[in-house]
Amino acid sequence: MADSYSYDAVMNNLSVIRENINEVCDRYRSKDTAVEIMAVTKTVPPEVVNWVYDSGLTLFGENRVQEFLSKKDVYRLDGRNPKVHIIGHLQTNKVKYIINEVEMIQSVDSVKLAQEINRLAKANNRTMDILCEVNIGGEESKSGVSAENLNELLELIAPMENIRVRGLMTIPPPTDSDIFLGRMGELFSKLRDEKRDGISMDILSMGMTHDYAEAVKYGSNLVRIGSGLFGARNYNI
Ligand SMILES: *Cc1c(COP(=O)(O)O)cnc(C)c1O
């Protein structure tokens with residue numbers, strides 16, 4: 001499987017992405033802006049994902065619990081220790097499999113899911129960092145809390161002792177994505193400026209292969225890149 005991937009192509013993709021982000025930051029963001037790049041690993045063999053780890057990109061994004069569990073031992077070979085975030089829709093009954101395996105869950109969009117994360121985090125003596133996923137375009141096909149219901153969700157999660165809200169995540173609609181990236185940037189900075197109890201707004205996870213440069217322009221500080229790094233996927237998840 002891994003031999004259909006080219007090491008040189010992946011390394012080249014990574015350096016182009018880094019350059020593009022630096023360029024956008026220079027033009028549109030303040031001088032001390034740091035934008036983290038996440039490697040989105042779905043369908044990519046773990047040996048290939050390790051190429052980017054070895055070149056310094058140590059944050060991985062996982063869509064599916066089962067796929068992640070089947071790959072995690074290879075990720076950790078030879079003393080590697082990637083930070084792993086769940087970025088796909090997470091079923092409540094799957095939280096138990098990942099509670100001690102990941103650094104963050106970016107796709108929290110319901111109180112029920114948050115309660116289960118909180119319960120299991122407590123049972124495992126840890127605090128879980130989360131992002132609230134916002135369905136900024138109000139699309140029926142997408143998960144995420146609506147912008148209208150975000151406040152209520154944040155209020156209910158803030159008191160949960162074993163969860164730390166760190167920010168927001170979104171996948172904007174494919175058309176007019178500029179508008180939605182802009183809206184998301186505004187929503188994020190408004191919440192950050194409010195400095196609410198129990199909530200730190202330091203991460204805006206926004207931008208994928210087709211829109212990461214725009215997303216950084218509008219305030220993203222974590223971009224999630226899959227196909228732009230590893231090449232086109234044979235199928236979609
Ligand atoms: C697949 C996926 C990405 C990356 O998408 P690309 O277009 O391949 O960069 C980012 N975020 C989420 C939630 C995804 O499912």
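**Aromatic rings, a helix and a ligand site**

Tyr53, Phe60, Phe68 and Tyr75 form one aromatic cluster. Keep in mind that this is a predicted model: local features need pLDDT of at least 70, side-chain atom pairs count only at pLDDT 80 or more, and totals for chains, interfaces and linings use all residues. Residues are numbered from 1 along each chain as its sequence is written, and side-chain values use heavy atoms, with hydrogens and water left out.

**The aromatic rings**

- A pair of aromatic rings is described by the distance of the centres and the angle of the planes.
- Rings of Phe, Tyr and Trp (its six-membered ring) pair up if their centres lie within 6.5 Å; planes under 30 degrees apart count as stacked, over 60 as edge-to-face and the rest as tilted.
- By this rule there are four aromatic pairs.
- Take Tyr53 and Phe60: their ring centres are 6.3 Å apart and their planes sit at 80°, so this pair is edge-to-face.
- Both Tyr53 and Phe60 are buried (under 20% relative accessible area, where exposed is over 50% and partly exposed is in between, using a 1.4 Å probe and protein chains only).
- Phe60 and Tyr75 are edge-to-face too, because their centres are 4.9 Å apart and their planes are at 70°.
- That pair links distant parts of the chain, with Phe60 in strand S2 (residues 59-62) and Tyr75 in helix H3 (residues 65-75), 15 residues apart.
- Helices (H or I, at least four residues) and strands (E, at least two) are DSSP runs, numbered from the N terminus.
- Phe60 has a relative accessible area of 0%, so it counts as buried, and Tyr75 is buried with 1%.

**A charge over a ring**

- The charged end of Lys217 sits over the ring of Tyr28, 5.0 Å from its centre (the rule: NZ of Lys or CZ of Arg within 6 Å of the ring centre and within 35 degrees of the ring normal).

**Helix H5**

- H5 covers residues 111-123, which is 13 residues.
- Its buried residues include Leu113, Ile117 and Leu120.

**Around the ligand**

- Among the residues around the ligand are Val40, Lys42, Asn63, Gly226 and Ser227 (each has a heavy atom within 4 Å of it).
- In the side chain of Lys42, an N or O atom is 2.6 Å from an oxygen atom of the ligand.
- Gly226 uses a backbone N or O atom instead, 2.9 Å from a ligand oxygen atom.
- For Ser227, a backbone N or O atom lies 2.8 Å from an oxygen atom of the ligand.

Conventions:
Expected span 1.5 Å × (residues − 1). Polar contact = N/O pair within 3.5 Å; in protein donor to acceptor, adjacent residues only side chain to side chain.
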